[in-house]
Amino acid sequence: MKKLEIIIRPGKLDDVKAALSRSGVHGMHYAEIQGCGRQMGHAEIYRGRTVQVDFLPKLRLEVVVDDADVDGVVEAVIGAARTGEIGDGKIFISEVLDAVRIRTGERGPAAL
């Protein structure tokens, strides 16, 4: 099993969620985060002063998928989240040693 940590633009949540659902991923969670990278923020005027905003709003989705499904899920997310501009996001993939469904006690891929 693999855990995908997906960082996307907030406006792409519905598209990515639909793409994940079409790929067979129905369990996920997300958090609103702020980050910086190559996008480098932007300047805003606040009360007559120019302020540099370095950390921009992003969303972090986390899903766990079976090893065989990783490539398809990654391609689905890329297709849904890509705008072609700097700041589209990243996908980090890491190994999951085990998963347990608390309600039934199922373990491994059956717990997904």
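K2, D67 and E95 are linked in a network of salt bridges (a salt bridge is a side-chain nitrogen of Lys or Arg within 4 Å of a carboxyl oxygen of Asp or Glu). The model is predicted: local features need pLDDT of at least 70, side-chain atom pairs count only at pLDDT 80 or more, and totals for chains, interfaces and linings use all residues. Residues are numbered from 1 along each chain as its sequence is written, and side-chain values use heavy atoms, with hydrogens and water left out.

**Salt bridges**

- The whole structure holds 8 salt bridges.
- K2 and E95 form one of them, with the closest N and O atoms 2.6 Å apart. This pair links distant parts of the chain: K2 lies in strand β1 and E95 in strand β6, 93 residues apart.
- D67 and K2 meet through their side chains at 3.6 Å, N to O. D67 sits in the loop between β5 and α2, 65 residues from K2 in strand β1.
- D67 is partly exposed at 42% relative accessible area, and K2 is partly exposed at 22% (buried means under 20% relative accessible area, exposed over 50%, partly exposed in between, with a 1.4 Å probe and protein chains only).
- R60 and E62 form a salt bridge at 3.5 Å, N to O. R60 is partly exposed at 28%, whereas E62 is buried at 17%.

**Sheet**

- An open sheet of 4 strands runs in the order β2-β5-β1-β6, with antiparallel pairing (two strands pair if DSSP finds at least two bridges between them). Helices (H or I, at least four residues) and strands (E, at least two) are DSSP runs, numbered from the N terminus.
- β2 (29–35) and β6 (89–95) are the edge strands, each pairing on one side only.
- Neighbouring strands are turned by 20° against each other on average, direction ignored (axes are lines fitted to C-alpha atoms, for helices over the stretch in contact, and angles run from 0 to 180 degrees between N-to-C directions).
- Strand β1 (residues 2–8) is joined to the antiparallel β6 by 7 bridges. L4 stands opposite I93 in β6.

**Helix α1**

- Helix α1 (residues 13–22) lies across β1, β2 and β5 (56–65), at about 10° to β5 (contact means heavy atoms within 4.5 Å).
- Its buried residues are L13, V16, A19 and L20. They cover an arc of only 130° around the axis, which puts them on the same side of α1 (the arc is that of the directions from the helix axis to the C-beta atoms).
- The buried residues of α1 pack against β1, β2, β5 and α2 (70–81).
- Exposed D14 and R22 are on the face of α1 turned away from its buried side.
- G24 follows α1 and has a positive phi, near 95°.
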